[in-house]
Amino acid sequence: TNARLLEADRERDRIAQELTNATRIQRDMLPAGTPTLPGYELEAFIETCNEVGGDLYDFHVRDDGHLVFIVGDVTGKGMGAALLMSSFLASARVLYDTCLDPADLASRLGAMLHRTTDRKRFVTGFVGCLDPASGMLHYVNAGHPPPIIARGGALRELDSGGPPFGVLPAFPYTTESTVLAPGEVFALFTDGIPEAQRGEELYDEERLRQAMREESGAADLGALRRRLLERVDEFLAGEPRTDDITLVLIRRAGAPAWS
């Protein structure tokens, strides 16, 4: 009996060490920080509800100065979602400099994912390409929660224009465009925020919209990020989070902050 208990303890220790290593590897794959973009402030946050997760975000500044960024959310949880997240992120990084149009990048990612995984797995995601000089944002929303653009009490959202990545063997995504005006804050997030659950009640999109209306004038994006997540925690009232959370914020300079 003692030998069996000792062997079980060793196996638990081995699994715990493998999870620790997987967590570190996954964290190391994400950007170490946010890029410096003149005239813009950037902030990014990710937190998994388990040791490893299926959320991802990434930034890449091309030689022409444009900022390419991506946020994704893999279906499911645990090691399977983490492995697919890592594969998806690696594929995206190979394509950043060759797929200049977000629609081309999205279509390539969707086709690659469909070829390499089963039909039950897919990734909701948002691919954006920002021209810092003009504020022009070209993007594809592939079945992802609509990002919110806020300035004071005014909000607008960038709705989905196609299915999640990997659902279909080929899909002709279309690039949409908008302008990020001076003073506007762009908030891109995964569904771990609006779908945070307390009992049978969800935090939901309307609470998030209201939070953006009231908090988007924060003096810096670090403060805005903290306040948005604090409001989710206040709603949960001690309930544990049941999904990964990712939040990317971009603010264009040029207008004073609101109180």
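A residue counts as buried when its relative accessible area is under 20%, as exposed when over 50%, and as partly exposed in between. The exercises below use this rule on a predicted model.

**Exercise 1. Overall dimensions**

Task: Work out what the radius of gyration of the chain says when set against the value for a compact globule.

Solution.
- Step 1. The chain has 259 residues, for which a compact globule would have a radius of gyration near 18 Å.
- Step 2. The chain has 19 Å, which agrees with that value.
- Step 3. The C-alpha trace spans about 70 × 45 × 35 Å along its principal axes.
- Step 4. Five helices and twelve strands make up the list of elements in the chain.

**Exercise 2. Burial, surface and charge**

Task: State what share of the residues of the chain is buried, then describe its surface and its charged side chains.

Solution.
- Step 1. Under the rule above, 48% of the 259 residues are buried.
- Step 2. The accessible surface is about 12,200 Å², and carbon and sulfur atoms hold 53% of that area.
- Step 3. There are 27 positive and 40 negative side chains. The centres of these two sets lie 2 Å apart.

**Exercise 3. Contacts across the sequence**

Task: Find what percentage of the contacts between residues at least 6 apart join residues at least 24 apart, and examine Tyr40 as a case.

Solution.
- Step 1. Of the contacts between residues at least 6 apart in sequence, 70% join residues at least 24 apart.
- Step 2. Tyr40 belongs to strand β1 (residues 40–47).
- Step 3. Tyr40 has 12% relative accessibility, so it counts as buried.
- Step 4. With neighbours within four places in sequence left aside, the contacts of Tyr40 include Leu130, Asp131, Pro132, Gly135 and Leu180. Ile250, Arg251 and Arg252 are also among them.
- Step 5. Tyr40 and Gly254 are 214 residues apart along the chain, while their C-alpha atoms are separated by 9.1 Å.

**Exercise 4. Aromatic pairs**

Task: Classify the ring pairs Phe165 with Tyr173 and Tyr203 with Phe235.

Solution.
- Step 1. Two rings pair if their centres lie within 6.5 Å; planes under 30 degrees apart are stacked, over 60 edge-to-face, and the rest tilted.
- Step 2. The chain has nine aromatic pairs by this rule.
- Step 3. For Phe165 and Tyr173 the centres are 5.8 Å apart and the planes make 55 degrees, a tilted pair. Phe165 is buried at a relative accessible area of 0%, and Tyr173 is buried at 8%.
- Step 4. For Tyr203 and Phe235 the centres are 5.5 Å apart with the planes at 65 degrees, so this pair is edge-to-face. It links distant parts of the chain, 32 residues apart: Tyr203 lies in the loop between β11 (201–202) and α4 (204–215), and Phe235 in helix α5 (residues 221–236). Both Tyr203 and Phe235 are buried.
- Step 5. Elsewhere, ring pairs join Phe69, Phe126, Tyr139 and Phe186 into a cluster.

**Exercise 5. Positive phi**

Task: Describe the backbone phi and the setting of Asp204 and Ala237.

Solution.
- Step 1. Most residues other than glycine have a negative phi.
- Step 2. Asp204, not a glycine, has a positive phi of about 70 degrees. Asp204 is in helix α4 and is partly exposed, with a relative accessible area of 24%.
- Step 3. Ala237, likewise not a glycine, has a positive phi of about 50 degrees. Ala237 sits in the loop between α5 and β12 (245–252). With a relative accessible area of 61%, Ala237 is exposed.

Technical notes: Residues numbered from 1 in each chain as written. Predicted model: local features only at pLDDT ≥ 70, side-chain atom pairs only at ≥ 80, totals over all residues. Heavy atoms only, no water. Helix = DSSP H or I, 4+ residues; strand = E, 2+ residues; numbered from the N terminus. Rg over C-alpha atoms; globule rule 2.2 N^0.38 Å. Buried < 20%, exposed > 50% of the residue type's maximum accessible area, 1.4 Å probe, protein only. Contact = heavy atoms within 4.5 Å. Areas by Shrake-Rupley, 256 points an atom, 1.4 Å probe, with all protein chains shown as cover. Lys, Arg positive; Asp, Glu negative; His and termini not counted. Charge placed at Lys NZ, Arg CZ, Asp CG, Glu CD. Phe/Tyr/Trp six-rings, centres within 6.5 Å; stacked < 30°, edge-to-face > 60°.
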